[in-house]
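I opened this entry to record what I looked up in the model. My notes go from chain to helix to contact.

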Amino acid sequence: MSQTLFLAISTLGLLAAVGTILARNLVHAGLYLVAFFFVVACQFILLEAEFLAVIQVLVYIGAVSILLMFGIMLTRNIQGDATTTVPQGWTLPALVAGLGLFLVLGFGINNHVGLKNKAAWSATATRPSSEIPKEGEASPRTLAINNMGQAVGIELVTRYVVPFEVAGLLLTAALVGAVALAYREGDDEGTNPAMRARAEFEPLDAPDQNRNGQPDSPGSASLTTTAKS
Amino acid sequence: MSSDIPLNWFLYFAAASFSIGLMGVLLRRNAIAVLMAIEIMLNAANINLVAFWRYGIHAPEEGPLTGVMMAIFVITIAAAEVAVGIGLILLCYRRWHSADIDRFDGLSR
């Protein structure tokens, strides 16, 4: 039962991944990517990591793909123009690299030799049980699987507190960096929306600086500055 | 559970997804499409982490959730990477009026 489910989900996922890298229309590629993210969330559920599946849906489908959609819309070459086609000379090397990597990885998965005194993990066919036993003590992992949200929270503030803080620092740095990248002081054609917004706000900052030589109100002055820029 | 999914199947799926993502990085010329392919590769790595966590045998001092915590941090870093990447692509688009990565060659001349 679960094997059939896994095969069906994986087939859909691989098709979605292929669609992502081959779709001419970038919006279609983004939607295929959403399907792939959803398939990965399903795999997490098959691996009994439901909390991670929820995070996957929230972060990837909810945030990352929407951000990518905004990027697609802002760069405006959605349809199959020159940048979204597959260049001719690169098809064969990319196929060779991808298939070669898959062959190497598949060989490694198939012919894995276990460490000393241990069986090869490639022979692992069943997972450890996640059911809480009727009598006796349940293992910490069993408890964590059955109550993953709580376990993740406890782990984040005890064992992984330093990586947690570093991740917070990284997110802050990424936020500041993204804003600093997207905001520019000068612009070549003066088409920067941030510059226009600054030009509108300047009369409010310095009301005595009248650009037209007329005793205008700040509102009309801002209108004329906008028209000039 | 007699019909449990073997560990290898998850690994094969992750390997295939990773290869497809690599092909996407090499094939596409649009910067946002390349970013999407990178996301596919990161997700494939996450599947591997969680699969090994679920099927493996744990040392007791490592805590109960090693692979899941690793995957959570990978997701965090991927989100930050996408935000900065989109910012960079928009900046390059403003300068070159194109999202074509073959034209972002300012360092080579």
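The entries below follow the order of my look-ups.

**Entry 1: the model and chain A**

I am working with a predicted model. I began with the secondary structure of chain A. I found nine helices and zero strands. Read from the N terminus, the order is α-α-α-α-α-α-α-α-α. Next I checked burial. Of the 229 residues in chain A, 32% are buried. I also looked at contact range, keeping contacts with a separation of 6 or more. In chain A, 42% of those contacts join residues 24 or more positions apart.

**Entry 2: helix α1 of chain A**

I picked α1(A), which covers residues 2-22. The helix has 21 residues. From first C-alpha to last, α1(A) reaches 30 Å, close to the 30 Å expected at 1.5 Å a residue. Which residues of α1(A) are buried? I listed Phe6(A), Ile9(A), Ser10(A), Gly13(A), Ala16(A), Ala17(A), Gly19(A), Thr20(A) and Ile21(A). Then I asked what covers the buried residues of α1(A). The cover includes α2 (26-46) of chain A, and it also includes α1 and α2 of chain B. That took me to the other chain.

**Entry 3: the contact between the chains**

I counted the residues on each side. Chain A gives 95 residues to the contact and chain B gives 77. The area buried between the two chains is about 7800 Å². Carbon and sulfur atoms give 74% of that area. I then counted polar contacts between chain B and chain A, and got 11 residue pairs, both residues at pLDDT 80 or more. On the chain B side, α1 (7-27), α2 (31-55) and α3 (66-96) each supply at least two residues. The largest share comes from α3(B), with 24 residues. By type, the chain B side divides into 51 nonpolar, 16 polar and 10 charged residues.

**Entry 4: salt bridges**

How many salt bridges are there over all chains? I count two. Between chain B and chain A the count is one. That bridge joins Glu48(A) to Arg54(B), with the closest N and O atoms 3.1 Å apart. Glu48(A) sits in the loop between α2 and α3 (50-75) of chain A, while Arg54(B) is in helix α2 of chain B. I checked accessibility for this pair, and both Glu48(A) and Arg54(B) are buried.

I also looked at Glu155(A) and Arg159(A). Their side chains meet in a salt bridge at 3.4 Å, N to O. Are these two residues buried or exposed? Glu155(A) counts as buried because its relative accessible area is 8%, under the 20% cut-off. Arg159(A) has a relative accessible area of 42%, so I logged Arg159(A) as partly exposed. That value falls between the 20% and 50% cut-offs.

**Entry 5: Ser17(B)**

My last look-up was a single residue. Where does Ser17(B) lie? I placed Ser17(B) in helix α1 of chain B. Its relative accessibility is 0%, so Ser17(B) counts as buried. I then listed what Ser17(B) touches, leaving out residues up to four places away in sequence. From chain A, the list holds Leu14(A) and Phe36(A). From chain B, it holds Ile40(B) and Ala44(B).

Conventions
Residues are numbered from 1 along each chain as its sequence is written. Chains are lettered from A and ligands numbered from 1 in the order in which they are written. This is a predicted model: local features need pLDDT of at least 70, side-chain atom pairs count only at pLDDT 80 or more; totals for chains, interfaces and linings use all residues. Side-chain values use heavy atoms; hydrogens and water are left out. Contact means heavy atoms within 4.5 Å. Buried area is the accessible area (1.4 Å probe) that two parts lose on being put together, summed over both. A salt bridge is a side-chain nitrogen of Lys or Arg within 4 Å of a carboxyl oxygen of Asp or Glu. A polar contact is a pair of N or O atoms within 3.5 Å; within protein, one must be able to donate a hydrogen and the other to accept it, and residues adjacent in sequence count only if both atoms are side-chain atoms. Helices (H or I, at least four residues) and strands (E, at least two) are DSSP runs, numbered from the N terminus. Ala, Val, Leu, Ile, Met, Phe, Trp, Tyr, Cys and Pro count as nonpolar, Asp, Glu, Lys and Arg as charged, and the others, Gly among them, as polar. The expected span of a helix is 1.5 Å times one less than its number of residues. Buried means under 20% relative accessible area, exposed over 50%, partly exposed in between (1.4 Å probe, protein chains only).
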